[in-house]
Amino acid sequence: MNARLKNPFLISGYVSPEYFCDRNKEKKAILANIENGRNTALISPRRMGKTGLIDHCFYSKTIQKEYNTFYIDIYSTGSLREFVLLFGKAIFEKLKGNGQKFFDKFFRVITSLRPAFKLDQITGNAVFDIGIGEIITPEVSIEQIFKYLENADKPCIVAFDEFQQIAKYPEKNMEALLRSHIQRCNNARFIFSGSEQHMMQDIFLKSSRPFYQSVSFVDLQPIALYEYTAFVEKHFSKNDKQLDKNTIEWVYNSFDGHTWYMQTIFNAIYSYTGVGETVTDQIVKSSVKDTVGIYQNAYKRILSDLTERQKELLIAIAKERKATEITSAAFIKKHGLQSSSSVQSAIKTLLVKEIVVKRDKTYMVDDKFLRIWIENEYGPGYDFAIR
(Lines give C-alpha, C1' and ligand atoms only; values in the text may rest on other atoms or scores of the structure.)
Protein backbone atom coordinates (compact mmCIF):
# COMPACT_ATOMS: atom_id res chain seq x y z
CA MET A 1 0.00 0.00 0.00
CA ASN A 2 1.08 3.55 -0.63
CA ALA A 3 2.82 4.63 2.58
CA ARG A 4 0.80 7.84 2.64
CA LEU A 5 -2.49 6.01 2.14
CA LYS A 6 -3.60 4.66 5.51
CA ASN A 7 -7.09 3.71 4.38
CA PRO A 8 -7.67 2.03 0.98
CA PHE A 9 -11.34 3.07 0.75
CA LEU A 10 -11.10 6.47 -0.87
CA ILE A 11 -14.01 8.89 -0.52
CA SER A 12 -12.46 11.69 -2.56
CA GLY A 13 -9.76 12.03 -5.16
CA TYR A 14 -8.06 9.36 -7.22
CA VAL A 15 -4.76 7.61 -6.49
CA SER A 16 -4.29 4.66 -8.82
CA PRO A 17 -6.14 1.65 -10.29
CA GLU A 18 -5.26 -0.33 -7.14
CA TYR A 19 -7.86 1.66 -5.19
CA PHE A 20 -10.44 1.81 -7.96
CA CYS A 21 -13.08 -0.88 -8.35
CA ASP A 22 -13.99 -2.34 -11.74
CA ARG A 23 -15.62 -0.05 -14.39
CA ASN A 24 -13.57 -1.86 -17.03
CA LYS A 25 -16.44 -1.93 -19.52
CA GLU A 26 -17.19 1.78 -19.12
CA LYS A 27 -13.51 2.75 -19.27
CA LYS A 28 -13.08 0.73 -22.47
CA ALA A 29 -16.10 2.45 -24.04
CA ILE A 30 -14.88 5.97 -23.17
CA LEU A 31 -11.34 5.32 -24.41
CA ALA A 32 -12.72 3.80 -27.63
CA ASN A 33 -14.82 6.91 -28.17
CA ILE A 34 -11.75 9.11 -27.72
CA GLU A 35 -9.65 7.00 -30.05
CA ASN A 36 -12.34 7.01 -32.73
CA GLY A 37 -13.17 10.71 -32.57
CA ARG A 38 -16.47 10.44 -30.73
CA ASN A 39 -17.66 12.59 -27.85
CA THR A 40 -19.19 10.91 -24.80
CA ALA A 41 -22.21 11.61 -22.60
CA LEU A 42 -21.62 9.92 -19.23
CA ILE A 43 -24.83 9.71 -17.22
CA SER A 44 -25.46 8.34 -13.75
CA PRO A 45 -27.09 9.25 -10.44
CA ARG A 46 -25.06 11.54 -8.23
CA ARG A 47 -22.29 9.88 -6.17
CA MET A 48 -22.16 6.81 -8.41
CA GLY A 49 -18.54 7.46 -9.37
CA LYS A 50 -18.53 9.54 -12.57
CA THR A 51 -15.64 11.76 -11.51
CA GLY A 52 -13.59 8.78 -10.37
CA LEU A 53 -14.17 7.06 -13.71
CA ILE A 54 -13.02 10.15 -15.61
CA ASP A 55 -9.89 10.29 -13.44
CA HIS A 56 -9.39 6.57 -14.03
CA CYS A 57 -9.50 7.11 -17.81
CA PHE A 58 -7.14 10.09 -17.60
CA TYR A 59 -4.69 7.96 -15.54
CA SER A 60 -4.15 5.65 -18.54
CA LYS A 61 -0.53 5.81 -19.70
CA THR A 62 -1.58 6.26 -23.32
CA ILE A 63 -3.88 9.15 -22.42
CA GLN A 64 -1.23 10.83 -20.26
CA LYS A 65 1.37 10.52 -23.02
CA GLU A 66 -0.69 11.51 -26.02
CA TYR A 67 -3.28 14.02 -24.71
CA ASN A 68 -3.76 17.13 -22.63
CA THR A 69 -6.62 16.40 -20.23
CA PHE A 70 -8.88 18.94 -18.53
CA TYR A 71 -11.63 18.38 -15.97
CA ILE A 72 -14.15 21.16 -15.26
CA ASP A 73 -16.95 20.75 -12.71
CA ILE A 74 -19.61 23.32 -13.66
CA TYR A 75 -22.20 22.34 -11.03
CA SER A 76 -21.74 25.62 -9.15
CA THR A 77 -21.89 27.82 -12.26
CA GLY A 78 -24.89 29.89 -13.23
CA SER A 79 -23.85 31.78 -16.34
CA LEU A 80 -21.61 31.83 -19.38
CA ARG A 81 -19.19 34.15 -17.53
CA GLU A 82 -18.71 31.60 -14.74
CA PHE A 83 -18.33 28.82 -17.30
CA VAL A 84 -15.58 30.78 -19.07
CA LEU A 85 -13.84 31.46 -15.76
CA LEU A 86 -13.66 27.78 -14.79
CA PHE A 87 -12.79 26.63 -18.32
CA GLY A 88 -9.91 29.09 -18.67
CA LYS A 89 -8.65 28.41 -15.16
CA ALA A 90 -8.66 24.64 -15.73
CA ILE A 91 -6.38 25.01 -18.76
CA PHE A 92 -4.14 27.50 -16.98
CA GLU A 93 -3.70 25.41 -13.83
CA LYS A 94 -3.07 22.18 -15.76
CA LEU A 95 -0.44 23.57 -18.12
CA LYS A 96 1.20 26.39 -16.18
CA GLY A 97 4.02 24.03 -15.23
CA ASN A 98 5.19 24.24 -18.84
CA GLY A 99 6.66 27.66 -18.06
CA GLN A 100 6.98 30.93 -19.91
CA LYS A 101 6.38 29.39 -23.32
CA PHE A 102 2.92 28.31 -22.17
CA PHE A 103 2.08 31.71 -20.63
CA ASP A 104 3.09 33.54 -23.80
CA LYS A 105 0.93 31.32 -26.03
CA PHE A 106 -2.03 31.16 -23.62
CA PHE A 107 -2.44 34.92 -23.30
CA ARG A 108 -1.48 35.59 -26.92
CA VAL A 109 -4.48 33.50 -27.97
CA ILE A 110 -6.86 34.15 -25.05
CA THR A 111 -6.27 37.89 -24.88
CA SER A 112 -9.56 38.60 -23.11
CA LEU A 113 -8.33 36.75 -20.00
CA ARG A 114 -4.95 38.49 -19.81
CA PRO A 115 -5.95 40.38 -16.61
CA ALA A 116 -6.20 36.98 -14.88
CA PHE A 117 -2.42 36.47 -15.01
CA LYS A 118 -0.86 37.53 -11.73
CA LEU A 119 2.12 36.63 -9.59
CA ASP A 120 1.63 35.55 -5.99
CA GLN A 121 3.29 38.21 -3.85
CA ILE A 122 4.60 35.63 -1.38
CA THR A 123 5.69 32.73 -3.58
CA GLY A 124 6.22 34.53 -6.86
CA ASN A 125 4.31 31.77 -8.63
CA ALA A 126 1.92 32.49 -11.48
CA VAL A 127 -1.75 32.41 -10.50
CA PHE A 128 -5.03 32.74 -12.39
CA ASP A 129 -7.08 35.41 -10.62
CA ILE A 130 -9.94 37.27 -12.23
CA GLY A 131 -13.36 38.40 -11.06
CA ILE A 132 -16.45 37.20 -12.86
CA GLY A 133 -17.36 40.82 -13.57
CA GLU A 134 -14.01 41.36 -15.26
CA ILE A 135 -14.97 38.91 -18.02
CA ILE A 136 -16.52 41.59 -20.21
CA THR A 137 -17.13 39.62 -23.40
CA PRO A 138 -17.60 35.94 -22.48
CA GLU A 139 -18.61 35.04 -26.05
CA VAL A 140 -15.21 36.27 -27.23
CA SER A 141 -13.42 34.48 -24.39
CA ILE A 142 -15.06 31.13 -25.14
CA GLU A 143 -14.13 31.48 -28.81
CA GLN A 144 -10.51 32.19 -27.85
CA ILE A 145 -10.39 29.22 -25.46
CA PHE A 146 -11.50 26.88 -28.23
CA LYS A 147 -8.95 28.45 -30.55
CA TYR A 148 -6.28 27.65 -27.97
CA LEU A 149 -7.44 24.03 -27.77
CA GLU A 150 -7.43 23.73 -31.55
CA ASN A 151 -3.80 24.83 -31.67
CA ALA A 152 -2.54 23.04 -28.54
CA ASP A 153 0.65 21.02 -28.75
CA LYS A 154 -1.25 17.74 -28.22
CA PRO A 155 -4.83 16.62 -28.78
CA CYS A 156 -7.04 17.55 -25.84
CA ILE A 157 -9.71 15.76 -23.81
CA VAL A 158 -12.12 18.06 -21.98
CA ALA A 159 -14.50 16.66 -19.36
CA PHE A 160 -17.40 18.86 -18.27
CA ASP A 161 -18.94 17.46 -15.09
CA GLU A 162 -22.62 18.16 -14.27
CA PHE A 163 -23.00 19.37 -17.86
CA GLN A 164 -26.80 19.69 -17.56
CA GLN A 165 -26.13 22.91 -15.64
CA ILE A 166 -25.75 24.83 -18.92
CA ALA A 167 -29.48 24.37 -19.55
CA LYS A 168 -30.13 26.55 -16.47
CA TYR A 169 -28.01 29.49 -17.62
CA PRO A 170 -29.81 32.76 -18.44
CA GLU A 171 -28.06 32.76 -21.84
CA LYS A 172 -30.60 30.90 -23.94
CA ASN A 173 -28.12 30.37 -26.77
CA MET A 174 -25.56 28.60 -24.58
CA GLU A 175 -26.09 25.14 -26.07
CA ALA A 176 -25.93 26.44 -29.64
CA LEU A 177 -22.85 28.55 -28.88
CA LEU A 178 -20.97 25.67 -27.27
CA ARG A 179 -22.04 23.17 -29.92
CA SER A 180 -20.81 25.38 -32.75
CA HIS A 181 -17.34 25.70 -31.18
CA ILE A 182 -17.13 21.97 -30.41
CA GLN A 183 -18.05 21.07 -34.00
CA ARG A 184 -15.16 23.16 -35.34
CA CYS A 185 -12.61 21.97 -32.75
CA ASN A 186 -10.90 19.00 -34.36
CA ASN A 187 -8.08 18.83 -31.83
CA ALA A 188 -10.27 17.95 -28.83
CA ARG A 189 -12.65 15.27 -27.65
CA PHE A 190 -15.30 15.95 -25.02
CA ILE A 191 -16.85 14.04 -22.14
CA PHE A 192 -20.18 15.47 -20.95
CA SER A 193 -20.91 14.05 -17.52
CA GLY A 194 -24.23 14.60 -15.76
CA SER A 195 -26.39 13.32 -12.91
CA GLU A 196 -29.81 14.70 -13.88
CA GLN A 197 -30.85 12.03 -16.32
CA HIS A 198 -33.89 13.70 -17.86
CA MET A 199 -32.04 16.96 -18.49
CA MET A 200 -29.05 15.18 -20.04
CA GLN A 201 -31.32 13.13 -22.26
CA ASP A 202 -33.20 16.26 -23.34
CA ILE A 203 -29.91 17.96 -24.28
CA PHE A 204 -28.65 15.07 -26.40
CA LEU A 205 -31.77 13.25 -27.60
CA LYS A 206 -34.27 16.00 -28.42
CA SER A 207 -34.16 16.79 -32.13
CA SER A 208 -34.81 20.48 -31.42
CA ARG A 209 -31.66 20.86 -29.29
CA PRO A 210 -28.22 21.76 -30.74
CA PHE A 211 -26.44 18.71 -29.25
CA TYR A 212 -28.95 16.25 -30.76
CA GLN A 213 -27.29 12.90 -31.54
CA SER A 214 -23.80 14.33 -31.15
CA VAL A 215 -22.48 11.84 -28.57
CA SER A 216 -22.11 8.20 -27.68
CA PHE A 217 -23.78 7.36 -24.37
CA VAL A 218 -22.17 5.59 -21.42
CA ASP A 219 -24.67 4.82 -18.66
CA LEU A 220 -23.11 4.29 -15.23
CA GLN A 221 -24.96 1.71 -13.16
CA PRO A 222 -23.98 0.29 -9.74
CA ILE A 223 -20.87 -1.87 -9.73
CA ALA A 224 -21.85 -5.55 -9.66
CA LEU A 225 -22.05 -6.94 -6.11
CA TYR A 226 -19.55 -9.71 -6.82
CA GLU A 227 -17.01 -7.19 -8.17
CA TYR A 228 -17.36 -4.89 -5.19
CA THR A 229 -17.25 -7.84 -2.78
CA ALA A 230 -13.93 -8.98 -4.24
CA PHE A 231 -12.59 -5.41 -4.03
CA VAL A 232 -13.52 -5.03 -0.35
CA GLU A 233 -12.26 -8.50 0.62
CA LYS A 234 -8.94 -7.87 -1.11
CA HIS A 235 -8.18 -4.68 0.80
CA PHE A 236 -9.28 -6.03 4.19
CA SER A 237 -7.37 -9.32 3.86
CA LYS A 238 -4.32 -7.56 2.42
CA ASN A 239 -4.09 -5.60 5.66
CA ASP A 240 -4.90 -8.56 7.95
CA LYS A 241 -8.48 -7.53 8.72
CA GLN A 242 -11.38 -9.92 8.28
CA LEU A 243 -15.03 -9.51 7.33
CA ASP A 244 -17.67 -11.78 5.82
CA LYS A 245 -19.68 -11.47 2.63
CA ASN A 246 -22.93 -10.81 4.55
CA THR A 247 -21.54 -7.51 5.80
CA ILE A 248 -20.49 -6.40 2.34
CA GLU A 249 -23.85 -7.38 0.86
CA TRP A 250 -25.73 -5.53 3.62
CA VAL A 251 -23.80 -2.32 2.98
CA TYR A 252 -24.25 -2.73 -0.77
CA ASN A 253 -28.04 -3.21 -0.49
CA SER A 254 -28.46 -0.49 2.14
CA PHE A 255 -27.04 2.10 -0.26
CA ASP A 256 -28.34 0.66 -3.54
CA GLY A 257 -24.81 0.08 -4.80
CA HIS A 258 -23.98 3.81 -4.77
CA THR A 259 -20.20 3.90 -4.81
CA TRP A 260 -19.53 6.98 -2.66
CA TYR A 261 -21.80 5.87 0.18
CA MET A 262 -20.33 2.36 0.22
CA GLN A 263 -16.79 3.70 0.14
CA THR A 264 -17.58 6.10 3.00
CA ILE A 265 -19.01 3.34 5.20
CA PHE A 266 -16.18 0.90 4.45
CA ASN A 267 -13.69 3.68 5.11
CA ALA A 268 -15.20 3.96 8.61
CA ILE A 269 -15.45 0.18 9.12
CA TYR A 270 -11.81 -0.22 8.08
CA SER A 271 -10.69 2.52 10.47
CA TYR A 272 -12.62 0.95 13.38
CA THR A 273 -11.16 -2.52 12.77
CA GLY A 274 -7.71 -3.25 14.16
CA VAL A 275 -5.04 -5.36 12.48
CA GLY A 276 -5.82 -9.02 13.07
CA GLU A 277 -9.42 -8.25 14.07
CA THR A 278 -12.71 -9.31 12.51
CA VAL A 279 -15.47 -6.85 11.62
CA THR A 280 -18.41 -7.22 13.99
CA ASP A 281 -22.02 -6.12 13.63
CA GLN A 282 -21.37 -3.49 16.28
CA ILE A 283 -18.51 -2.01 14.24
CA VAL A 284 -20.83 -1.76 11.23
CA LYS A 285 -23.59 -0.12 13.30
CA SER A 286 -21.16 2.37 14.82
CA SER A 287 -19.71 3.16 11.41
CA VAL A 288 -23.12 4.01 9.94
CA LYS A 289 -24.32 5.89 13.02
CA ASP A 290 -21.17 7.98 13.37
CA THR A 291 -20.94 8.73 9.65
CA VAL A 292 -24.56 9.86 9.39
CA GLY A 293 -24.15 11.87 12.59
CA ILE A 294 -21.49 14.03 10.96
CA TYR A 295 -24.18 15.55 8.74
CA GLN A 296 -27.04 15.88 11.25
CA ASN A 297 -26.79 19.67 11.62
CA ALA A 298 -26.98 20.09 7.85
CA TYR A 299 -29.95 17.73 7.73
CA LYS A 300 -31.75 19.68 10.45
CA ARG A 301 -31.31 22.85 8.40
CA ILE A 302 -32.71 21.13 5.30
CA LEU A 303 -35.87 20.14 7.12
CA SER A 304 -36.21 23.51 8.85
CA ASP A 305 -36.41 25.18 5.43
CA LEU A 306 -39.36 23.03 4.37
CA THR A 307 -43.05 23.65 4.96
CA GLU A 308 -44.98 21.18 7.11
CA ARG A 309 -46.54 19.51 4.07
CA GLN A 310 -43.15 19.18 2.33
CA LYS A 311 -41.55 17.76 5.47
CA GLU A 312 -44.37 15.22 5.91
CA LEU A 313 -43.98 14.00 2.35
CA LEU A 314 -40.19 13.79 2.63
CA ILE A 315 -40.48 11.66 5.78
CA ALA A 316 -43.01 9.40 4.07
CA ILE A 317 -40.74 8.84 1.06
CA ALA A 318 -37.75 8.20 3.34
CA LYS A 319 -39.69 5.55 5.27
CA GLU A 320 -40.72 3.85 2.03
CA ARG A 321 -37.12 4.12 0.71
CA LYS A 322 -38.55 3.70 -2.81
CA ALA A 323 -41.99 5.26 -3.09
CA THR A 324 -44.49 4.94 -5.94
CA GLU A 325 -48.02 6.26 -6.46
CA ILE A 326 -47.47 8.97 -3.86
CA THR A 327 -50.76 10.70 -4.72
CA SER A 328 -52.81 7.55 -4.25
CA ALA A 329 -55.34 7.27 -1.44
CA ALA A 330 -53.47 4.29 0.00
CA PHE A 331 -50.14 6.16 0.26
CA ILE A 332 -51.79 9.27 1.69
CA LYS A 333 -53.68 7.25 4.31
CA LYS A 334 -50.66 5.14 5.26
CA HIS A 335 -48.51 8.17 6.01
CA GLY A 336 -51.19 10.53 7.34
CA LEU A 337 -50.76 13.06 4.54
CA GLN A 338 -53.32 15.79 3.91
CA SER A 339 -54.49 15.36 0.31
CA SER A 340 -53.47 14.47 -3.21
CA SER A 341 -53.19 18.13 -4.18
CA SER A 342 -50.93 18.93 -1.21
CA VAL A 343 -48.68 16.00 -2.16
CA GLN A 344 -48.48 17.24 -5.75
CA SER A 345 -47.51 20.71 -4.56
CA ALA A 346 -44.95 19.43 -2.05
CA ILE A 347 -43.23 17.03 -4.43
CA LYS A 348 -42.59 19.81 -6.94
CA THR A 349 -40.53 21.71 -4.36
CA LEU A 350 -38.67 18.61 -3.16
CA LEU A 351 -37.71 17.78 -6.74
CA VAL A 352 -36.62 21.33 -7.56
CA LYS A 353 -34.48 21.42 -4.40
CA GLU A 354 -33.08 18.01 -5.45
CA ILE A 355 -33.85 16.59 -2.01
CA VAL A 356 -35.97 13.92 -3.69
CA VAL A 357 -35.24 12.42 -7.11
CA LYS A 358 -37.58 10.60 -9.46
CA ARG A 359 -36.38 7.72 -11.60
CA ASP A 360 -39.01 6.22 -13.86
CA LYS A 361 -42.04 6.17 -11.53
CA THR A 362 -40.13 5.85 -8.27
CA TYR A 363 -39.36 8.63 -5.79
CA MET A 364 -36.33 8.42 -3.48
CA VAL A 365 -34.47 10.66 -1.07
CA ASP A 366 -31.38 11.59 -3.07
CA ASP A 367 -28.97 11.61 -0.11
CA LYS A 368 -28.83 8.07 1.32
CA PHE A 369 -27.44 9.31 4.64
CA LEU A 370 -30.28 11.82 4.91
CA ARG A 371 -32.74 8.97 4.40
CA ILE A 372 -31.17 7.00 7.28
CA TRP A 373 -31.15 10.07 9.52
CA ILE A 374 -34.87 10.66 8.83
CA GLU A 375 -35.66 7.01 9.57
CA ASN A 376 -33.89 7.32 12.92
CA GLU A 377 -35.40 10.71 13.82
CA TYR A 378 -38.96 10.21 12.62
CA GLY A 379 -39.41 6.45 12.47
CA PRO A 380 -38.69 3.28 14.39
CA GLY A 381 -34.99 3.57 13.59
CA TYR A 382 -32.77 2.17 10.88
CA ASP A 383 -32.81 -1.60 10.36
CA PHE A 384 -29.37 -3.01 11.15
CA ALA A 385 -30.36 -6.62 10.46
CA ILE A 386 -27.13 -7.61 8.76
CA ARG A 387 -27.72 -11.35 8.99
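The model is predicted: local features need pLDDT of at least 70, side-chain atom pairs count only at pLDDT 80 or more, and totals for chains, interfaces and linings use all residues. Residues are numbered from 1 along each chain as its sequence is written, and side-chain values use heavy atoms, with hydrogens and water left out.

**Figure 1. Overview of the chain.**
The chain has 17 helices and 9 strands; these are DSSP runs numbered from the N terminus, with helices being H or I of at least four residues and strands E of at least two. The radius of gyration is 23 Å, close to the 21 Å that the globule rule gives for 387 residues, so the chain is as compact as a globular protein of that length. That radius is taken over C-alpha atoms, and the globule rule is 2.2 Å times the number of residues to the power 0.38. The C-alpha trace spans about 65 × 55 × 45 Å along its principal axes. Of the 387 residues, 48% count as buried, where buried means under 20% relative accessible area, exposed over 50%, and partly exposed in between (1.4 Å probe, protein chains only). Among contacts (heavy atoms within 4.5 Å) between residues at least 6 apart in sequence, 71% join residues at least 24 apart.

**Figure 2. Surface and charge of the chain.**
The chain carries 53 positive and 45 negative side chains, and the centres of the two sets lie 2 Å apart. Lys and Arg count as positive and Asp and Glu as negative, while His and the chain ends are not counted. The place of a charge is taken as NZ of Lys, CZ of Arg, CG of Asp or CD of Glu.

**Figure 3. Helix α4.**
Helix α4 covers residues 80-95, 16 residues in total, and reaches 23 Å from its first C-alpha to its last, close to the 22 Å expected at 1.5 Å a residue. The expected span is 1.5 Å times one less than the number of residues. Buried residues of α4 include Leu80, Phe83, Val84, Phe87, Ala90 and Ile91. An α-helix has 3.6 residues a turn, so residues three or four places apart point the same way.

**Figure 4. Helix α17 and Lys368.**
In α17, 8 of the 11 residues are buried, so the helix is largely enclosed by the rest of the structure. The buried set consists of Lys368, Phe369, Leu370, Arg371, Ile372, Trp373, Ile374 and Glu375. Among the elements that cover these residues are α10 (245-254), α11 (259-272), α14 (308-320) and β9 (362-365). Lys368 lies in this helix, which runs over residues 368-378, and is buried at a relative accessible area of 2%. Apart from neighbours within four places in sequence, Lys368 is in contact with Phe255, Asp256, His258 and Tyr261. Lys368 and Ala318 are 50 residues apart in sequence and 9.1 Å apart in space, C-alpha to C-alpha.

Most residues other than glycine have a negative phi. Glu162, which is not a glycine, has a positive phi of about 55 degrees; this residue lies in the loop between β5 and α7 (174-184) and counts as buried at 7% relative accessibility. Asp360 has a phi near 60 degrees, also positive in a residue other than glycine. Asp360 lies in the loop between β8 (356-359) and β9 and is exposed, with a relative accessible area of 75%.

Lys118 counts as partly exposed at 32% relative accessibility. Not counting residues up to four places away in sequence, Lys118 touches Asn125, Ala126, Val127 and Asp129. Lys118 and Lys50 are 68 residues apart in sequence and 33 Å apart in space, C-alpha to C-alpha.

**Figure 5. Asn151 in a loop.**
Asn151 is in the loop between α6 (138-150) and β5 (156-161), and counts as partly exposed at 43% relative accessibility. Asn151 and Asn186 are 35 residues apart in sequence and 9.6 Å apart in space, C-alpha to C-alpha.
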